[in-house]
Amino acid sequence: PLPLPDGSVPRTLNISGPGSYVEKKYHTLGVSLEQKLAKDLYLQVIANRSEVSQFNAKPMGFASIALMRDVTTTLPTYTPDRNYNATGAQPGQGAGTLNFAVAIPNSDVGKYMAIYRPTYDDTKNTHTAYRVGLTYHRDFGVAGDHNILAFASRSEADVEGSYYTETNIDPKRRDSYYFSGNNFSGRVTHLDPVSGSLSMRGVPDPLTHPIPSGPIYGDPARSFTDGWINGWRERNKSTIDTVAVAMQSSFLRNRLVTTAGIRRDKLKINNFDSDTDDFGVALAPTPSSTGVIDESASTYTVGAVYKLPLLKGVGIFANKSTNFQDQPGALLFGDRGRQSPVGPITGDGRDYGLKFGFLDGRVNATLAGFKVNESNVSSGFDGNVYNYISAICRTIANGGPTGSLTDLRQAGGSDTRSQTSKGVELEGTANPTKN
């Protein structure tokens, strides 16, 4: 095959063909209950469950396509028993040379051809959530008008995925390992970019057009049976238990409005280890050796807006809040198998400034300064760092640069970084007409 230079591929090609598609199925079920318990006191109970299943067919696989032109002028011929119709190397010829009794011309010479290895994946995402909340309102006159919200919730997520690749599954295959290139190196399809049929401009759907089975041409002692092997499975589960209390209050006839809230999130992440057997078939994921990862944190928010009494339509405000975000798979740099979790990203933000409102709220503007801090963000190293450390350990284990011993104390993991953003912003909206 002859590789194609950039820019020479016709835009009329439909390389993936009709077999490239995503099929998604989902359902959700929810129930909510609201009950008045007393004057200005309300109870709310919510439960939801959703499930999303996705089938992703990828005829091209992942990074496994080569688009070329067919430059083979003649094709091999075979005997009725599927052996090569040829004799072996003659004196002066290289080892493995075949001298065919008959050579037939290749009618596809010069055509575009795709070499590819199809895959598909099947994933399921299940999410269940429960929440119990209370809301309460009380006006204490000069002591302020208060709205209080308190809730407790639990959120559970379970994600599973299976990934399949087309290969030779015949018991008489050349190699017991399913994904060996000796068994199956991919499909080859000739493409016609100007065909009146869109399907002819791309590869056929591998799920509906299996490769014919039987003894392998040129090696009839071995056989081919088209099939799909689950070569990888993965799973992860997480649970978040949350408790929060928030209050909004107004004073001085709504001239001063304050907000305050505190929240505790208890996040537990169950990662699973994936592996395969000696044939390349995926095994059921097992709970990770790192155990349950706890990335819990408490956050809060406080803020106030005050309408200036001497400047109608002008107010000042200030807010501060904290936040966190989980990093479930991130491990600190160290010896593999002995690393600690990085933990969650933590941050805080402050903003303060002036708010303007005129013409009964039809013209509004905000002038604010802000500062946002973020810390404990997982940050990778240059890959050479790990390679150098491994090379040094191997050299020490072997007492020099040569030898067969491999030190199992290999390095891996991440560093962490922090960053700060600050600035000033001006935002305005205007609807000056009444209509």
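The lining of the largest cavity divides into seven nonpolar, two polar and two charged residues, where Ala, Val, Leu, Ile, Met, Phe, Trp, Tyr, Cys and Pro count as nonpolar, Asp, Glu, Lys and Arg as charged, and the others, Gly among them, as polar. The structure is a predicted model, in which local features need pLDDT of at least 70 and side-chain atom pairs count only at pLDDT 80 or more, while totals for chains, interfaces and linings use all residues. Residues are numbered from 1 along each chain as its sequence is written, and side-chain values use heavy atoms, with hydrogens and water left out.

The residues that line this cavity are G19, A57, K58, P59, P118, T119, Y120, D205, P206, L207 and W228. A cavity is a set of points, on a 1 Å grid over the protein atoms alone, where a 1.4 Å probe fits but cannot get out; a pocket is an open set with protein on both sides within 12 Å along at least five of seven lines; and lining residues have an atom within 4 Å of a point. The volume of the largest cavity is about 40 Å³, a volume being the space filled by probe spheres set on the points, which are joined across faces, edges and corners. One cavity of 30 Å³ or more is counted. Strands β3 (41–58) and β10 (119–139) each supply at least two of the lining residues, strands being DSSP runs (E, at least two residues) numbered from the N terminus.

The largest pocket has a volume of about 880 Å³. It is lined by 23 residues, of which Y78, G186, V188, I216 and Y217 are the closest to its centre. By class, 12 of the lining residues are nonpolar, eight polar and three charged. At least two residues each come from β12 (187–191) and β13 (214–216), and β13 gives the most, with three.

The largest nonpolar core comprises eight residues, L13, M60, L67, Y112, A114, Y116, L191 and V203. Such a core is a set of buried Ala, Val, Leu, Ile, Met, Phe, Trp, Tyr and Cys residues joined through side-chain atoms within 4.5 Å. Strand β9 (residues 112–116) contributes the largest share of this core, three residues.

N230 lies in strand β15 (residues 226–251). This residue counts as buried because its relative accessibility is 13%, buried meaning under 20% relative accessible area (1.4 Å probe, protein chains only). Its side chain reaches the backbone nitrogen of W232 at 3.4 Å. Beyond its neighbours within four places in sequence, N230 is in contact (heavy atoms within 4.5 Å) with S162, Y163, Y164, G280, V281 and A282.

Conventions. Buried < 20%, exposed > 50% of the residue type's maximum accessible area, 1.4 Å probe, protein only. Helix = DSSP H or I, 4+ residues; strand = E, 2+ residues; numbered from the N terminus. Polar contact = N/O pair within 3.5 Å; in protein donor to acceptor, adjacent residues only side chain to side chain.
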